[in-house]
Amino acid sequence: MSLTAAGPRTAHLSRLGQQLLPILYQHRLIATSQLHRLLTPHTRRPVYLLRQLGHLRTMGLAESADRRAGRMGRCEQLWYITPLGCEIVEAAGEVTTRAYRISPKAAASQLQEHTLAVVDTGIAFTQWASRLDDECGPLDWEPELAHRVREGDSRLGDDAFLVPDAVLRYTRTTGERRQLLTLFLEIDRSTMQVARLGRKLDTYARYASYIPQPPGRRQPVSTQEAWRERYPVFPRLLIILSGASERVLRRRTEDLRALASANPHIAEGNRLRVGVTTAELLSRHGPFPPIVMPVLGDAKRTDVLLTAHSEPGSIR
């Protein structure tokens, strides 16, 4: 079902308005400038975009909050969907239904910058897909999808789940060959200790080998890993660094490699394919030059496929 068929409230939405609602629903909080880059990059200024956003707000389908960290003294608007907007998007059935609802308080909280950094990463992939004649659109990454990694309940603070910052899908076209890539994305703005990233890697390793069993069973009844129900192959993990100098980011990469190699749960078994790059390198060069440093193995730059290049030091 399309949004226009979801009810009378959407009957008079423009094509752009219909595009905006599922994007606001899926990405939770997104800046005007980010929406401009995603949906109206051909225009110099987002005049029409702002008009449509204002129309959604008048209809009670979207709202906005001020960005806490204003750039160059200007206050940027961050947009999110309202409960009524959520109902309409869910009735249309065009995106995965999510239980999470962003509140005005959450939209104005200190989580803004991390949420926007995840969106920036997705936009970098969509822009390069457009340049390379690949496929990756505004709805091709989903933030914070939960993946169970052990039996138990789902209480707050429990470690029963792996929650990547996003799961991104990208279709790569090279000649007659098309390759569907699925990436786990972790965004590190240099605000946490590297040890926390190391613990997250351990959780990814647990998910790679996790075989679910019904509660109360003493003998295993399944031999298939849980991830196989979601993915044809185990996704590559890409860690994107920002928020510090090149020297600091290089040191964080080295520390993460050291932590991973010292953890047998991560280093053994060859289950994980993990790489680290920076937001700047991804935005400037795209995902397929040698911009990625593997977390495991030789310290030679690769692309997001973690495929070695003959000149690993050629990207600056």
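Is Glu144 buried, partly exposed or exposed? At 36% relative accessibility, Glu144 counts as partly exposed, where buried means under 20% relative accessible area, exposed means over 50%, and partly exposed lies in between (1.4 Å probe, protein chains only). Before we go on, please note that this is a predicted model, in which local features need pLDDT of at least 70, side-chain atom pairs count only at pLDDT 80 or more, and totals for chains, interfaces and linings use all residues. Residues are numbered from 1 along each chain as its sequence is written, and side-chain values use heavy atoms, with hydrogens and water left out.

Let's start with the whole chain. It has 10 helices and 11 strands; these are DSSP runs, with helices being H or I of at least four residues and strands E of at least two, numbered from the N terminus. Of the 316 residues in the chain, 46% are buried. Among contacts (heavy atoms within 4.5 Å) with a separation of 6 or more, 60% are between residues 24 or more positions apart.

Now back to Glu144, which is found in the loop between β4 (141-143) and β5 (147-148). Its phi is near 50°, a positive value in a residue other than glycine. The side chain of Glu144 makes a polar contact with the side chain of Arg28 at 3.0 Å. Such a contact is a pair of N or O atoms within 3.5 Å; within protein, one must be able to donate a hydrogen and the other to accept it, and residues adjacent in sequence count only if both atoms are side-chain atoms.

Arg28 sits in a loop too, between α1 (15-27) and β1 (30-31). Phi of Arg28 is near 70°, again a positive value in a residue other than glycine. Arg28 is buried, with a relative accessible area of 15%. Leaving aside residues up to four places away in sequence, Arg28 touches Ile23, Trp79, Tyr80, Tyr100, Ile102, Thr115, Pro143 and Glu144.

Strand β3 (residues 77-81) runs antiparallel to β2, and 5 bridges join them. Ala65 stands opposite Leu78 in β3.

Strand β10 (residues 274-278) pairs with β11 in the antiparallel sense over 2 bridges, and Gly275 stands opposite Pro294 in β11.

Finally, a pair of helices. The axes of α2 (residues 32-39) and α3 (residues 47-58) come within 10 Å and cross at roughly 115°; axes are lines fitted to C-alpha atoms, for helices over the stretch in contact, and angles run from 0 to 180 degrees between N-to-C directions. Thr32, Leu35 and His36 of α2 meet Leu49, Leu50 and Leu53 of α3 in this contact.

Methods
Pairing = 2+ DSSP bridges.
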